[in-house]
Amino acid sequence: MLLNSETSVQPTKNVTNWGMHGADLAVGLLQGDIDKDNFNRSYLITGPEAVGKRTLATRFAQAIFSPNGEQNDSYSIYDAIEKEEFGDVAWVRIGGACGGNRADGTCHVHPKRFIGVCQIRWMVRKMNTKSFNANHKVFVVDSINDLSLGEEQSFSALLKQLEEPPPHTTILLLSANPDNLNLTIRSRCQLVQIPAMSRDLLRDAILKSNLTENIQSATKYAAIAKGRYGRAYTQLTDPAYEITLNSILEDVESLARAGSQDRMNYSERLAKAWRNEPEVVLETLNIWKAWWREALQITTDVVPIELSIFHHQANSQLTSGIALQALAALEEAENNLQTNVNARLALDMMMIDIPQVSNTH
Ligand SMILES: [Zn+2]
């Protein structure tokens, strides 16, 4: 019998995929460079939000500094990297340290909404000091898109390092939106992509990594996570999330039948949330889309009602035309929000454009 490496090795100990799901090509490329001891100076790690870019960066550093994986010593480099406490792996992100003398390691001009030039200068200083373990240093910019909102000086300081980094230094730039990046930056880096997985592969990955044993639940989370293992992981390991999800699904269902007053109240609530937590609103719309996508699959007989995840009974009033209109409305709202159309207006329009499904069965 052939031994299947995927079932014979615990996912977290699997050296060939670094315990990641759906990132085999990315892991293969980076592990190959480590094996050859021939690193690119910089890598641009791309993939949709919450697909696992941070995890990949962390595993890459662990593979360099702790090639035997997790070990049970009192001090484990592997754990220190995981906790971002290892001196030769530095993370640069919004609000992160810049070596300033305030209690949190920042300075008095430290920006709150983007990565500051003070942070890039701090990174450059660290690059040019001797490393703790004397063989390698890794810097992770999370994300590089947060720099583009910042000062021009940050760019030139970073570009200079991408052109001529000190020896034994690797820079990882993370980006969910590489298309918006400066071309010069992109051309300096080796591209490493983590694609979204298909729904079936994500469901299998969820089951394989024991995030749940329930196939129905794995299918549900695979449907709303849009192929992103990191998102499914966060949701399935958060004990409160199931309640949030169910309440959103109840909203979708009742609002499909509701009149304009209820719908306007809902869009007002979402628009308020947009101000402080835009990513929560986008995730909510994602769940709306999953519900309506399944409505389309049911009405076009792609999915029989007995196998549906979000719809419990057939509704003859719900047609494929209605589902298509609703999906188009959701898509447009998402685009409008991301291109900074007034949020209340975008969400009101969405609620108006989603057809009302009548109550009779
Ligand atoms: Zn600062």
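Which strands does helix α3 (residues 53–65) lie across? Helix α3 lies across β1 (42–46), β2, β3 and β4 (169–175), running at about 165° to β4. Helices (H or I, at least four residues) and strands (E, at least two) are DSSP runs numbered from the N terminus, and angles run from 0 to 180 degrees between the N-to-C directions of axes fitted to C-alpha atoms, for helices over the stretch in contact.

Before going further, note that this is a predicted model, where local features need pLDDT of at least 70 and side-chain atom pairs count only at pLDDT 80 or more, while totals for chains, interfaces and linings use all residues. Residues are numbered from 1 along each chain as its sequence is written.

Now to the sheet itself. It is open, with 5 strands in the order β2-β3-β4-β1-β5 and parallel pairing; two strands pair if DSSP finds at least two bridges between them. At the edges, β2 (89–92) and β5 (190–193) each pair on one side only. Between β2 and β3 (residues 137–142) there are 4 bridges, and Ala90 stands opposite Phe139 of β3.

How confident is the predictor, then? On pLDDT, its confidence in each residue from 0 to 100, the protein chain has a mean of 89, and 93% of its residues reach 70 or more. Over residues 1–14, however, the pLDDT is below 50.

Conventions:
Contact = placed C-beta atoms within 7 Å. pLDDT = per-residue confidence, 0-100.
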